Amino acid sequence: MAKVCILGGGFIGRFYAESLCGRRSKDSVTVVFSRSESSAVRFANDYSVLHYFTDMEAAISHSEADIIVIALPNFQHEEAINLCVKHKKAVLCTKPLGRNAEEALRMMTTCEEAGIFTGYLEDLCYTPKFLKSLESVKNGAIGRVLWAKSRETHPGPHSDWFWDLNLAGGGAILDMGCHCIEISRSFIGKDIKPVEVMCWADTQVKPIDAEDHAIGLVKYENGAIGQFEVSWTFRGGMDLRDEIMGTEGTIWLNSWLRTGFEMFTSGEAGNYVVEKAESSSGWQFPVGDEAHELGYPNMFIDMFDAFENQTAPSETFYDGYVVNSIIDAAYKSAKTKQWEPVNLPIWRGQTGLSKPSVFKEYDQEHWFIKDEILPNGDKKVILKKKVSGEIVEIEILKS
Ligand SMILES: NC(=O)c1ccc[n+]([C@@H]2O[C@H](COP(=O)([O-])OP(=O)(O)OC[C@H]3O[C@@H](n4cnc5c(N)ncnc54)[C@H](O)[C@@H]3O)[C@@H](O)[C@H]2O)c1
């Protein structure tokens with residue numbers, strides 16, 4: 001059983017507590033830190049937490065806190081991690097790990113040098129749909145992954161600090177691109193090096209210094225492409241979608257809108273429907289088990305199992321640092337309008353890969369391009385002559 005201290009009693013702190021205490025669990029939240037006493041008390045009452053604090057260090061150093069969960073605004077992650085190092089406490093940090101790669105690298109190396117257990121709380125890499133798809137991809141169901149696209153768009157976050165460029169460290173790219181990038185990276189292979197990024201970003205609607213909309217391409221060393229689409233200007237709720245295209249197949253995932261649960265309501269009751277829903281009347285798209293569909297319970301199972309067994313969880317501070325490095329390159333590219341290299345002073349995956357050959361032999365004289373059964377049952381095979389390079393077709397009549 002892990003005794004958990006949650007730092008931050010806000011939006012994500014509550015989702016975490018809900019996932020840890022809202023169902024039968026062998027772990028318990030014993031300590032909470034929140035900025036204001038009223039929020040700390042309310043959180044403690046809601047989740048039967050024995051000890052609450054408005055002093056972060058008092059919460060981290062408490063004897064009933066074995067593992068610290070950072071659910072604080074981005075600008076406080078490093079401060080909290082340094083206190084965990086000081087008190088030699090295991091620590092799990094929400095996304096993004098840092099406001100930039102420099103911060104993330106510092107957090108990762110400080111913890112590694114101190115020898116404390118760490119985990120990166122990237123929940124969208126633990127959703128039931130993601131886990132099952134990843135298993136299929138690893139089993140070869142869609143062949144070699146060529147393009148992994150991930151989208152998170154909604155009408156914008158729920159607290160002031162997100163909208164302050166200095167406090168948050170970025171806009172929609174940092175806030176949501178971190179999810180999309182890690183999703184794509186997982187499907188392409190986390191040991192495949194991201195090499196360069198091309199990104200468009202703009203502030204289209206909100207009066208803020210950061211970007212509220214962006215689209216980016218991440219090129220990997222094996223020729224695969226990751227794509228992220230993020231927006232704080234999207235209307236209609238929260239859109240979480242992924243598309244993975246491989247040489248042998250395709251996967252489409254829709255995790256929030258249109259998941260097979262549709263409800264019409266006059267709105268008389270005016271209740272909460274689902275995260276970031278923009279209306280509580282008319283046709284609604286609720287989600288059966290929000291915490292589970294967002295991956296939180298599976299994420300904590302992996303984290304606490306790894307903590308108990310002293311192994312690494314699937315999502316580590318190293319992953320958080322790689323994601324931050326890709327994001328830094330995206331911000332640079334949005335300014336320079338060029339492909340920008342991903343700067344990874346520490347890289348622990350494969351190196352020296354190149355794009356696989358596109359040549360597949362059909363017979364001694366031809367390379368294979370494609371075949372297709374026509375409506376009348378005949379088959380056409382499109383080929384390229386090895387010597388002349390000429391493209392030809394062969395028709396095989398239906399017997
Ligand atoms: N899917 C996800 O993994 C997910 C979703 C939402 C947020 N997050 C991350 O969780 C972290 C917290 O986000 P949130 O949505 O819970 O934010 P929030 O504003 O709802 O809550 C922040 C919490 O931190 C506390 N706090 C302490 N000092 C503060 C300060 N100086 N200013 C503001 N708050 C302070 C607040 O009291 C509050 O309890 C962020 O890093 C965010 O990126 C992750």
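1. The centres of domain 1 and domain 2, taken over C-alpha atoms, are 22 Å apart. The protein chain splits into domain 1 (3-122), domain 2 (125-341) and domain 3 (361-396), with bounds from an automatic or database domain assignment.

2. This is a predicted model, in which local features need pLDDT of at least 70, side-chain atom pairs count only at pLDDT 80 or more, and totals for chains, interfaces and linings use all residues. Residues are numbered from 1 along each chain as its sequence is written.

3. Domain 1 puts 32 residues in contact with 33 residues of domain 2 (contact: C-beta atoms, placed from the backbone, within 7 Å). On the domain 1 side, the elements giving two or more residues are α1 (11-21), β5 (90-94), α5 (101-114) and β6 (118-121) (DSSP runs, numbered from the N terminus: helices H or I of at least four residues, strands E of at least two). That side has 20 nonpolar, seven polar and five charged residues (nonpolar: Ala, Val, Leu, Ile, Met, Phe, Trp, Tyr, Cys and Pro; charged: Asp, Glu, Lys and Arg; polar: the others, Gly among them).

4. Helix α4 (residues 77-86) and α5 have axes that come within 10 Å and cross at roughly 10° (lines fitted to C-alpha atoms, for helices over the stretch in contact; angles run from 0 to 180 degrees between N-to-C directions). α4 is therefore roughly parallel to α5 (angles under 35 degrees). The residues of this contact comprise five nonpolar, three polar and three charged.

5. Among the 21 residues around the ligand, Gly 10, Phe 11, Ile 12, Arg 35 and Ser 159 come nearest (a residue is near if its C-beta atom, placed from the backbone, lies within 6 Å). The shell has seven nonpolar, 11 polar and three charged residues, and α1 gives the most, with three residues.

Conventions:
Contact = placed C-beta atoms within 7 Å. Parallel < 35°, antiparallel > 145°, perpendicular 65-115°, else oblique.
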